[in-house]
Amino acid sequence: MVFAAALVLFLVGSSACGRKAGGDSEVAVLETSYGRIVIEFLPYVAPRHVQNFKDLTAEDFYDGTKFHRIVKDKKKAIVAIQGGDPNTINGDPGTWGAGQPGQKTVPAEFSSLKHERGTVSAARLDKDPNSATSQFFICIGAQPALDGQYSIFGRVVEGMNVVDSIARAPTVARGETPVDPVVINRAYIIKRENLK
């Protein structure tokens, strides 16, 4: 399935990404216009993707970006939400999902983890497994076709109700872009024990 312009994302979901020894003591918090989403990192399978997300978050990169795509399969069933493109801050909607030239890429870190409900995985170009940049998707349900094809680097541990609400947002006619912007107002990294 092709995701936003030239970027293709295959998406998927949550519990098979269970916590493992050596897990991260930090989590990402996305304060969106729909509510809060908390993401647990999985550095034991995707250390470079985790570090990339943390580095971008530290630079306030995600602040003001939008979840620009409600990803649907051929039967129009919702499978994921996609965000993280800097073009969504003030770029032409026709460029959303294409990313920007010169963005740092992260090599693929495929693992045996399954794309299940709540899985956070890196978006990439269809034909280049080493083309992930800042964009990511969160699976609404299991997507076994994506297993071993996209780099899973986290999972939602709080706010799947928010993810579900975003997934149900009305989209433009015959499209996947939400009618009303779904904005990440602020993204930050925090110690798990300081989460309130």
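A residue counts as buried when its relative accessible area is under 20%, as exposed over 50%, and as partly exposed in between (1.4 Å probe, protein chains only). With that in hand, let us walk through this predicted model. Of the 196 residues in the protein chain, 51% are buried.

The model is predicted, so local features need pLDDT of at least 70 and side-chain atom pairs count only at pLDDT 80 or more, while totals for chains, interfaces and linings use all residues. Residues are numbered from 1 along each chain as its sequence is written, and side-chain values use heavy atoms, with hydrogens and water left out.

The chain has 3 helices and 10 strands, taken as DSSP runs numbered from the N terminus (helices H or I, at least four residues; strands E, at least two). Their order from the N terminus is β-β-β-α-β-β-α-β-β-β-β-α-β.

Now for the interior. A nonpolar core is a set of buried Ala, Val, Leu, Ile, Met, Phe, Trp, Tyr and Cys residues joined through side-chain atoms within 4.5 Å. The largest one holds 34 residues, and L30, I37, F67, F136, I138 and F153 touch the most other members. Helix α3 (residues 160-167) gives this core its largest share, 5 residues. Another core of 8 residues lies apart from it, with V71, V79, L146 and Y150 among them.

Leaving out residues up to four places away in sequence, F153 has contacts (heavy atoms within 4.5 Å) with residues including F41, H49, F53, A122 and F136.
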